[in-house]
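Hello,

Here is the structure you are taking over. My notes on what was found in it follow below.

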Amino acid sequence: MNLRIPQLSFEPADELAALCKAGGDPLRLNVLRALANDSFGVLELAQIFAIGQSGMSHHLKVLAQAGLVATRREGNAVFYRRALAQGDALGGTLHAALLNEADGLALPAEAQARIAEVHARRAATSRDFFARTAASFQAQQDLIAGLPQYRDSMLALLDALDLANEATALEVGPGDGGFLPELARRFKRVTALDNSPAMLELARQRCDKHGLDNVELRLADALNDDYPSADCLVLNMVLHHFAAPAEALKQLAQRVNGGGSLLISELCSHNQSWARQACGDLWLGFEQDDLARWASAAGLIPGDSQYVGLRNGFQIQVRHFAKPDEHTGPRATLTHR
């Protein structure tokens with residue numbers, strides 16, 4: 001006599017088991033650590049951890065099945081990043097604890113060096129692009145979003161700030177200097193920083209044309225060189241040119257004085273990969289929540305936001321983030337909408 005024994009369902013336990021399995025490998029834990037503030041393609045991760053691409057793909061599949069990593073398509077490329085823990089979901093507490101413990105790990109020195117190499121290659125690609133195309137900068141910007149398309153939105157956020165008479169501004173990556181006259185009118189002193197001599201020359205010509213004697217132009221790397229902090233730091237269509245935008249935002253936030261502001265104009269996430277070749281973009285825009293999360297991790301408070309839709313299918317996000325002052329708090333308390 002054959003007895004059919006009913007199969008038991010263990011779906012919830014299966015989910016927890018997948019999470020435990022994914023975290024039960026030292027390489028996968030180090031991958032999670034590397035993705036804390038960055039996104040990498042599978043080939044980049046294979047190079048960073050010195051294993052074959054197929055082997056890295058397997059590990060990423062295990063992490064993805066456990067909900068520990070998520071993917072984002074950048075044109076024809078797929079980048080991996082850490083997935084956020086959902087506290088109210090099954091395994092959410094374990095997920096958060098695992099990431100917290102992983103962040104306490106020190107990546108092997110060799111892996112850190114290879115990450116630096118990946119970032120250096122990305123940064124070199126961006127520098128080379130602007131060195132080659134400075135003469136046609138405006139035409140290339142207009143292919144996606146020229147300054148006139150978001151200037152008014154930036155000025156609306158800027159003019160809503162409670163600025164002191166002695167307030168200073170810093171613009172990183174001023175391009176051809178199109179926004180510098182607006183800053184020069186509103187701040188006592190303005191510093192414009194660029195790592196491209198060709199682009200800085202365009203900005204100098206703009207300053208000479210408008211007689212901007214309170215603007216200082218500096219040839220410098222915004223992440224590695226020394227320069228003064230400011231009450232307001234401006235990033236106009238610049239963040240998508242940084243090799244590691246989350247880490248860049250964290251470092252640039254340190255250049256904002258307490259009680260000051262960081263203003264960002266940036267593309268929303270899109271899938272028009274031609275922007276890489278035509279405009280030198282390393283990243284195809286960003287999700288609004290990503291910018292807010294990165295800014296919060298950098299110690300900034302999300303403020304007001306404006307969104308500008310363009311006829312060519314792109315959308316611009318114009319964002320304000322305030323840096324608290326330990327004594328008085330942010331100078332401007334703007335609401336997010």
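Glu166 and Lys188 form a salt bridge, with 2.7 Å between the closest N and O atoms. The pair links distant parts of the chain, 22 residues apart: Glu166 sits in the loop between helix H8 (151–159) and strand E4 (168–172), and Lys188 in the loop between helix H9 (180–186) and strand E5 (189–194). Both Glu166 and Lys188 are exposed. Please keep in mind that this is a predicted model.

As background, side chains of opposite charge can pair when their charged atoms come close.

Another bridge joins Asp103 to Arg82, whose closest N and O atoms are 2.8 Å apart. Asp103 lies in helix H5 (residues 92–103) and Arg82 in strand E3 (residues 77–82), so this bridge ties together parts that are 21 residues apart in sequence. Are the two partners buried or exposed? Arg82 has a relative accessible area of 15% and is buried, because the cut-off for buried is under 20%. Asp103, at 35%, is partly exposed.

The side chains of Arg218 and Glu216 also meet in a salt bridge, at 3.0 Å from N to O. Arg218 has a relative accessible area of 25% and is partly exposed. Glu216 counts as partly exposed too, at 33% relative accessibility.

There is also a network of salt bridges, which links Arg151, Asp159, Glu182, Arg185 and Arg186.

Next, helix H2, which runs over residues 26–34. How many of its 9 residues are buried? The number is 7, so the helix is mostly covered, with buried meaning under 20% relative accessible area. The buried residues of H2 are Leu27, Arg28, Leu29, Asn30, Val31, Leu32 and Ala34. At the start of H2, Asp25 brings a side-chain oxygen to within 2.9 Å of the backbone nitrogen of Leu27.

Last, the surface. Which residues make the nonpolar patch of about 240 Å²? Leu16, Leu90 and Leu94 make it. Leu94 lies in helix H5, the helix that also holds Asp103. At 38% relative accessibility, Leu94 counts as partly exposed.

Regards

Terms used: Residues numbered from 1 in each chain as written. Predicted model: local features only at pLDDT ≥ 70, side-chain atom pairs only at ≥ 80, totals over all residues. Heavy atoms only, no water. Buried < 20%, exposed > 50% of the residue type's maximum accessible area, 1.4 Å probe, protein only. Helix = DSSP H or I, 4+ residues; strand = E, 2+ residues; numbered from the N terminus. Polar contact = N/O pair within 3.5 Å; in protein donor to acceptor, adjacent residues only side chain to side chain. Salt bridge = Lys/Arg side-chain N within 4 Å of Asp/Glu carboxyl O. Patch = residues over 30% accessible without salt bridge, like charges linked within 9 Å, V, L, I, M, F, W, Y side chains within 5 Å. Areas by Shrake-Rupley, 256 points an atom, 1.4 Å probe, with all protein chains shown as cover.
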